[in-house]
Amino acid sequence: MKSLVITRPDDWHLHLRDGPALAAVLPHTVRAFARAIVMPNLKPAVTSVAAADAYRQRIVAAFDAGKRGGAIAAGARFEPLMTLYLTDRTSPRDIALARASGFVHAVKYYPAGATTNSDAGVTALERAFPALEAMQKHDLPLLVHGEVTDPAIDIFDRERMFVDGQLQTIVSRFPGLRVVAEHITTREAATFVEQARPGVAATITVHHLLYNRGAIFQGGIRPHFYCLPVLKREEHRRALVAAATSGQPKFFLGTDSAPHPRGLKEHPCGCAGVFSAPAALELYAEVFDAAGALDKLESFASHHGADFYRLPRNAEKVTLLKEAWTIPAEYPFGDETVVPLRCGEQAAWRMA
Ligand code: DOR
Ligand code: ZN
């Protein structure tokens with residue numbers, strides 16, 4: 001197959017940042033995706049509906065400015081789907097307000113200390129039970145960063161331990177709560193989601209579909225492949241590809257594109273995050289093509305997520321062509337630059 005027309009996709013897990021960084025990265029997402037679930041791990045974190053509303057307005061303003069300045073196509077449309085950042089103090093009232101807002105579509109659970117800007121996260125799962133109860137009642141989905149934070153647990157085992165423990169607890173204790181295991185990276189997480197009750201789903205990033213942990217050490221230390229949860233063994237990558245290309249509605253696209261300035265990635269203590277937005281859809285096409293499953297790309301990228309979130313599927317189409325192009329070495333990012341996934345190398349597919 002040399003070209004493929006699919007319904008315009010959505011990105012169900014995205015870090016858009018704020019200020020000049022937001023202005024710099026937003027055009028990369030909106031060229032391909034119609035909507036995105038926007039992560040709330042700003043500093044300070046987006047913990048209230050008022051903060052989510054203000055952030056949404058900054059995103060819309062950046063979108064409009066991008067159109068005026070030519071960085072975003074005049075005809076483009078984009079809807080940011082906002083999330084709240086769950087803390088020990090998130091109340092049932094916060095959840096009711098979020099549901100009533102119409103623009104908050106989910107609540108993100110970061111175990112405190114699990115990843116970038118997670119310090120304000122939940123310090124013990126039990127502390128979040130009243131909020132989870134309210135989310136179940138108001139039918140507001142919980143998005144989970146599924147890693148335990150105990151430093152004694154090996155970093156490559158942290159997701160598996162979380163799945164066996166906290167994720168299992170959440171799913172069984174709140175049987176009506178919709179839950180998304182975000183950016184799953186292991187066979188165990190994929191199997192858990194596959195076998196779980198209805199209402200449990202997972203996003204899968206393109207970097208976890210393309211690369212195993214060897215990429216971080218290929219010929220030297222490669223900080224741009226460092227993210228959390230960290231890349232895993234090849235057997236896990238294969239299990240993720242099998243899940244993503246299976247056609248099961250529980251699995252859908254979420255890039256977790258997470259830009260950091262080049263200087264903070266190439267650093268003695270570099271930040272976690274892979275910036276995949278500039279070629280995300282194209283690289284997903286490459287994964288599905290390599291698996292002989294291009295016919296499953298549209299449902300994974302454009303149907304399953306919308307169905308899970310009970311939003312209409314997009315009406316527009318996009319066209320992908322099997323034509324190689326070189327992904328730039330870096331892009332502007334405020335006063336700095338940001339290095340994309342697969343920098344300076346070829347992508348096999350491009351968007352028409
Ligand atoms: O690699 C990551 N980067 N994982 C996360 O969970 C957060 C993200 C970020 O915000 O940079
Ligand atoms: Zn993320």
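Author: We start with the sheet and then turn to the ligand. This is a predicted model, where local features need pLDDT of at least 70, side-chain atom pairs count only at pLDDT 80 or more, and totals for chains, interfaces and linings use all residues. Residues are numbered from 1 along each chain as its sequence is written, chains are lettered from A and ligands numbered from 1 in the order in which they are written, and side-chain values use heavy atoms, without hydrogens and water.

Reader: What is the strand order in the open sheet?

Author: β1-β10-β15, with antiparallel pairing. Strands are DSSP runs (E, at least two residues; helices are H or I, at least four), numbered from the N terminus, and two strands pair if DSSP finds at least two bridges between them.

Reader: Which are the edge strands?

Author: β1 (3–7) and β15 (350–351), each pairing on one side only. β1 pairs with β10 (residues 317–321) over five bridges.

Reader: Which helix touches β1, β10 and β15?

Author: Helix α10 (residues 280–290) does, where contact means heavy atoms within 4.5 Å.

Reader: Now ligand 1. What are the polar contacts of its oxygen atoms, say to Arg17?

Author: A polar side-chain atom of Arg17 lies 2.8 Å from one of the ligand's oxygen atoms. For the side chain of His260, the distance from an N or O atom to a ligand 1 oxygen is 2.7 Å. A polar contact here is a pair of N or O atoms within 3.5 Å.

Reader: How much of ligand 1 does the protein bury?

Author: 99% of the 290 Å² that ligand 1 exposes when taken alone, by the Shrake-Rupley method with a 1.4 Å probe.

Definitions and conventions:
Axes fitted to C-alpha atoms, helices over the stretch in contact; angles between N-to-C directions. Polar contact = N/O pair within 3.5 Å; in protein donor to acceptor, adjacent residues only side chain to side chain.
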